[in-house]
Amino acid sequence: MTLAGKRAIVTGSNSGIGLGVARALAAAGAEIVLNSFTDTDADHELAADMAAEFAVKVTYVKADMSNGSECRALVEGVGGCDILVNNAGIQFVAPVDAFPVEKWNAILAINLSAAFHTTAAALPGMNAGGWGRIVNIASAHGLTASPFKSAYVAAKHGIVGLTKTVALEVAGKGITANAICPGYVLTPLVEAQIPEQMKVHKMDRETVIREVMLDRQPSRQFATVEEIGGTAVFLCSDAAQQITGTTISVDGGWTAM
Ligand code: NAD
């Protein structure tokens, strides 16, 4: 399958799942717009390397997803997109009665409101072209909760609701909106937690992964960024034209429990 001729914006795509999704879309032939709020030399090198590896156009655009105007400017500044992947996200863990207000506001802004702004900016172009794919990276926490993650769980449930609403508004116009709900994915961020968890629990790597980190993931295996990327590419395919307003879990069975 080919996504040649399609432009994809992936928010928060200089690492982890966003980068994995961007690479999968590039491998399928899409033009890629990478984004983060950092704007380092490494970000621009990443874009150049990806362009060379997949022989597609790749640009890097700095935009802070906590700022609604910057979200809209990201989309409008590149001339719109055919594929929009709302991936940027942050996490903070604390009991709800001790949850810092600024952390609540930042998580709601980056993990939820950013998708509202980018979607609003992308839809006019998608409507004009009669084709579009909106893929929101939610989480198993968009479908179920865990203690101490009130803002994250609220934002991820919120993005599932936003996904359904957008899907209804564009139904029958060649545009779909879906949410991927990953369980634990082995990103650099998660990988970095393993040595500390091994120390705290006095366990070897395999045991800490199986018994501590993946205790809610029945497969006892991480999902990979390549698997999330492959799911996003499938949602962009012709075969997925009638898949809209729904969630696809990539969670090793977490939400089946
Ligand atoms: P990550 O920290 O590796 O990546 C987060 C990305 O978001 C980075 O590219 C970062 O630059 C970007 N970002 C953060 N704040 C931003 C801002 N203000 N403006 C623009 N970009 C910003 O984390 P990840 O694990 O790859 O997470 C990506 C998405 O996947 C998030 O929405 C997260 O909630 C979701 N998710 C992750 C897992 C997991 O186990 N890793 C599981 C389920 C869902």
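Q: What sits over the ring of W131?
A: The charged end of K6 does, 4.0 Å from the ring centre. Keep in mind that this is a predicted model.

Q: And which residue lies over the face of F116?
A: R72. Its distance from the ring centre is 5.4 Å.

Q: Switching to ring pairs. How many aromatic pairs are there?
A: The count is two.

Q: Take F92 and F99. Why is that pair edge-to-face?
A: The planes meet at 85°, so the pair counts as edge-to-face, the cut-off being over 60. The ring centres are 5.7 Å apart.

Q: Is F99 buried or exposed?
A: F99 is buried, at 10% relative accessible area. F92 is partly exposed, at 28%.

Q: What about Y184 and F222, how are they arranged?
A: Edge-to-face again. The centres are 5.9 Å apart and the planes are at 75°.

Q: Where in the chain do Y184 and F222 lie?
A: In distant parts, 38 residues apart. Y184 is in the loop between strand 6 (175-182) and helix 6 (188-191). F222 is in the loop between helix 8 (205-213) and helix 9 (225-235).

Q: Why does F222 count as buried?
A: Its relative accessibility is 15%, and buried means under 20%, so F222 qualifies. Y184, at 27%, counts as partly exposed.

Q: New topic: cavities. How many of 30 Å³ or more?
A: One. The largest cavity holds about 60 Å³ of space.

Q: Which residues line the largest cavity?
A: T11, M65, N86, N87, A88, I110, N111, L112, A114, A115, I137 and I159.

Q: Which element gives the most to that lining?
A: Helix 4 (residues 101-129), with five residues.

Q: How do the lining residues divide into nonpolar, polar and charged?
A: Eight are nonpolar and four are polar.

Q: Now the largest nonpolar core. How many residues are in it?
A: It has 36.

Q: Which of them touch the most other members?
A: I9, M65, L84, L123, M126 and I134. M65 also lines the largest cavity.

Q: Which elements give two or more residues to the core?
A: Helix 3 (68-77), helix 4, helix 5 (150-170) and strand 6.

Q: And which of these gives the most?
A: Helix 4, with 10 residues. Helix 4 also gives the most to the lining of the largest cavity.

Key. Residues are numbered from 1 along each chain as its sequence is written. This is a predicted model: local features need pLDDT of at least 70, side-chain atom pairs count only at pLDDT 80 or more; totals for chains, interfaces and linings use all residues. Side-chain values use heavy atoms; hydrogens and water are left out. Rings of Phe, Tyr and Trp (its six-membered ring) pair if their centres lie within 6.5 Å; planes under 30 degrees apart count as stacked, over 60 as edge-to-face and the rest as tilted. Buried means under 20% relative accessible area, exposed over 50%, partly exposed in between (1.4 Å probe, protein chains only). Helices (H or I, at least four residues) and strands (E, at least two) are DSSP runs, numbered from the N terminus. A charge sits over a ring if NZ of Lys or CZ of Arg is within 6 Å of the ring centre and within 35 degrees of the ring normal. On a 1 Å grid over the protein atoms alone, a cavity is a set of points where a 1.4 Å probe fits but cannot get out, and a pocket is an open set with protein on both sides within 12 Å along at least five of seven lines; lining residues have an atom within 4 Å of a point. Grid points are joined across faces, edges and corners, and a volume is the space filled by probe spheres set on the points. Ala, Val, Leu, Ile, Met, Phe, Trp, Tyr, Cys and Pro count as nonpolar, Asp, Glu, Lys and Arg as charged, and the others, Gly among them, as polar. A nonpolar core is a set of buried Ala, Val, Leu, Ile, Met, Phe, Trp, Tyr and Cys residues joined through side-chain atoms within 4.5 Å.
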